[in-house]
Amino acid sequence: MVAEPNRNCRGCGPQYEVTEAQIDRILQAPMFQDETIVVPDAVYQERLTACHSCEHLQNMQTCLLCGCFVRVSAYYRTKSCPNVKNRSWGPYTN
Ligand code: SF4
C-alpha cells in the first residue's frame, strides 16, 4: 500500500478508519467488564483526558506512537502511555 500524503498515519487510509460505534462494541466484550483487567472509571477518564490533549493523538482516536485506539488501550491496567520522553499515564497497580 502506498502511503497517502497529508496523513499522519503512514499505513492506513480512510478505508480502514474505525467508527466510535465499532469501538463501543469492542468495549462491550466480557473482558472489559473484568475488574482484574480494567482500570476503575475515574482512572480511565483521567487517561483519556491526557490523551485528548496530546499531540500524538490522531482523529481523537488513535495514538500515533503505538497505533492503539486509546479508548481501548486506556482500559487496561497493564498498559501505559508509550511516550517514553513524557509518559502521560502508567500501569495501574492498585
Ligand atoms: S497514549 Fe500517550 S502518547 Fe498516546 S495519545 Fe495518549 S497521551 Fe499521547
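Predicted model: local features only at pLDDT ≥ 70, side-chain atom pairs only at ≥ 80, totals over all residues.
Figure 1. Read from the N terminus, the elements follow the order α-α-β-β-α. Of the 94 residues in the chain, 10% are buried. Take the contacts between residues at least 6 apart in sequence: 46% of them join residues at least 24 apart.

**Figure 2. Confidence along the chain.** The average pLDDT of the chain is 89. A score of at least 70 is reached by 88% of the residues. Among the elements, helix 2 (residues 41-52) has the highest mean pLDDT, 98. Strand 1 (residues 57-58) has the lowest, 92. Residues 1-6 have a pLDDT below 50. Beyond near neighbours in sequence, this stretch makes 2 contacts in the model.

**Figure 3. The shell around the ligand.** The residues surrounding the ligand include four cysteines: Cys 51, Cys 54, Cys 63 and Cys 81. Ala 50, His 56, Leu 57, Leu 65 and Val 70 also belong to the shell. Pro 82, Asn 83 and Ser 88 complete the list. By class, 9 of these residues are nonpolar and 3 are polar. None is charged.

**Figure 4. Cys 68 in its loop.** Cys 68 sits in the loop between strand 2 (62-63) and helix 3 (70-73). Setting aside neighbours within four places in sequence, Cys 68 is in contact with Cys 63 and Ser 73. Leu 57 is 11 residues away from Cys 68 along the chain, and their C-alpha atoms are 9.8 Å apart.

Conventions. Residues numbered from 1 in each chain as written. Near = placed C-beta within 6 Å. Nonpolar A, V, L, I, M, F, W, Y, C, P; charged D, E, K, R; others polar. Helix = DSSP H or I, 4+ residues; strand = E, 2+ residues; numbered from the N terminus. Buried ≥ 20, exposed ≤ 12 C-beta atoms within 10 Å, placed from the backbone. Contact = placed C-beta atoms within 7 Å. pLDDT = per-residue confidence, 0-100.
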